Amino acid sequence: MKMLKTGLMAFFCLVLIIFSATPVFAGIEVADIYPLTDDYSSDYHYPAWSPDGKQITYMNGQAIGIMDVDGSNPHIIYDGMKWDGDPCFSADGKEIYFASESRKPRSSTYINLFKMNANGSNITQLTDGADRRSPSISSDGSMLAYRSNIAGNYDIWVMDITNKSHRQLTFTSEDEGKPSWSPDGSEIIYSLKGNLWLTDVELDTSWQLTHGNSNDVDPFFLPSGEKIVFVSDQGGETNLWLIDTEDDERQSLTDNRKVEFSPAVSPYGKKIVFGTKANGTFDLWMLEMENPEGTDEISGINVEDTNVNVTENEDVVLTSENNQEMDEGSIGLLGKISNNLALFAGGLVLGIVLFLLARLIFRKV
């Protein structure tokens, strides 16, 4: 009997320690999904939120528009009569960065980065030369990430908004997908060969987040930085998914057998706007979450003014001293290691307390 009690107590405590030290994926329930646009004569792409969560900018055909968050008041703010797209708001919401088709005399067409006021005025060219597209601004407004094929194929680059220098972050032989910043500005996530990858901007270290045969693309961080929404054809259909950055736990958000793309999370984490193809055209839809990481309350938010002046056709400074090796599965982030150690230590302490409590209980049995 004594051995049985001892065995039961050991098993009980082992289970408690395991569960207390292992992070549990907090499921997010979908409260509602509904269309923002239903204009069957137009194609909507690449939505992006304003930092106050009140407006969404987007592509409509080959022009750039803005609408209110409920889909009302959609209107074109810029149409250069060529391909214009990939818009995103500046960190203060006063400007919009975008990509636009360019052509020099006796040269081929390429795509450059521009900025304009949020009403479509004061167009300023930021880059010149080889293709640069898919801009994404850091939360503090100091850095602009983008894709460029200046090195032969599409890699991830960053531009310092203040001094206008450009730095290459990835050096693979394959095309990287569009980048997205982590909320704290320390990491950039993107897709590569059908999987999601993260790169630490300061340490120049990259590691693979997803593994498998599905095509995982268009990632976007939730405000906490702990979860990422992305598009995947896992299961055979293209849908929105969530993944936890700590334990790689996945959760499906949609299951409607439509082609879905370019999700963007609201600044306060309650809504996701995304593109979907239905009835032969591309429209924008909104997904609202029942138990998200945040709310869309705007009170108390202090948006820092990060407006800067960038002259037209500035010289691009290329640097490549950060030739990092993109080792699959390498962690490389001291912050993640610290978080995991803290999690383990906390679980261990809790496990010891529970062990002593269980020992006391079984001693009385």
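This is a predicted model: local features need pLDDT of at least 70, side-chain atom pairs count only at pLDDT 80 or more; totals for chains, interfaces and linings use all residues.
**Entry 1. Strands 16 and 17**

I began with strand 16 (residues 195–200), which pairs with strand 17 in the antiparallel sense over 4 bridges. Strands here are DSSP runs of E with at least two residues, helices are runs of H or I with at least four, both numbered from the N terminus, and two strands pair if DSSP finds at least two bridges between them. I looked up Trp 197 and found its bridge partner in strand 17 to be Gln 208. The sheet is open, with 4 strands in the order 14-15-16-17 and antiparallel pairing.

Residues are numbered from 1 along each chain as its sequence is written, and side-chain values use heavy atoms, with hydrogens and water left out.

**Entry 2. Ser 206**

I then turned to Ser 206, a residue of strand 17. Ser 206 counts as buried because its relative accessibility is 0%; the classes are buried under 20% relative accessible area, exposed over 50% and partly exposed in between (1.4 Å probe, protein chains only). Its side chain makes a polar contact of 2.5 Å with the side chain of Thr 199. A polar contact is a pair of N or O atoms within 3.5 Å; within protein, one must be able to donate a hydrogen and the other to accept it, and residues adjacent in sequence count only if both atoms are side-chain atoms. I also looked up Thr 170: it is 36 residues from Ser 206 along the chain, and their C-alpha atoms are separated by 8.3 Å.

**Entry 3. Aromatic rings**

My search of the whole structure gave 4 aromatic pairs. Rings of Phe, Tyr and Trp (its six-membered ring) pair if their centres lie within 6.5 Å; planes under 30 degrees apart count as stacked, over 60 as edge-to-face and the rest as tilted. Tyr 78 and Phe 98 form a tilted pair, at 5.4 Å centre to centre and 50° between the planes. This pair links distant parts of the chain, from Tyr 78 in strand 5 (residues 75–78) to Phe 98 in strand 7 (residues 95–103), 20 residues apart. Tyr 78 is buried at a relative accessible area of 18%, and Phe 98 is buried at 0%.

Phe 98 also pairs with Phe 114, in a stacked arrangement at 5.7 Å centre to centre and 20° between the planes. Phe 114 lies in strand 8 (residues 109–117), 16 residues from Phe 98. I record Tyr 78, Phe 98 and Phe 114 as one aromatic cluster.

**Entry 4. Charges over rings**

Arg 147 lies over the face of Tyr 154, at 4.4 Å from the ring centre. Lys 178 lies over the face of Tyr 46, at 4.3 Å from the ring centre. The criterion is NZ of Lys or CZ of Arg within 6 Å of the ring centre and within 35 degrees of the ring normal.

**Entry 5. Positive phi**

Met 81, not a glycine, has a positive phi of about 60°. Met 81 sits in the loop between strand 5 and strand 6 (84–89) and is exposed at 72% relative accessibility. Ser 262 has a positive phi near 50°; it belongs to strand 22 (residues 259–265) and is buried, with a relative accessible area of 8%.

**Entry 6. Totals**

I counted 2 helices and 25 strands in the protein. Of its 365 residues, 47% count as buried.
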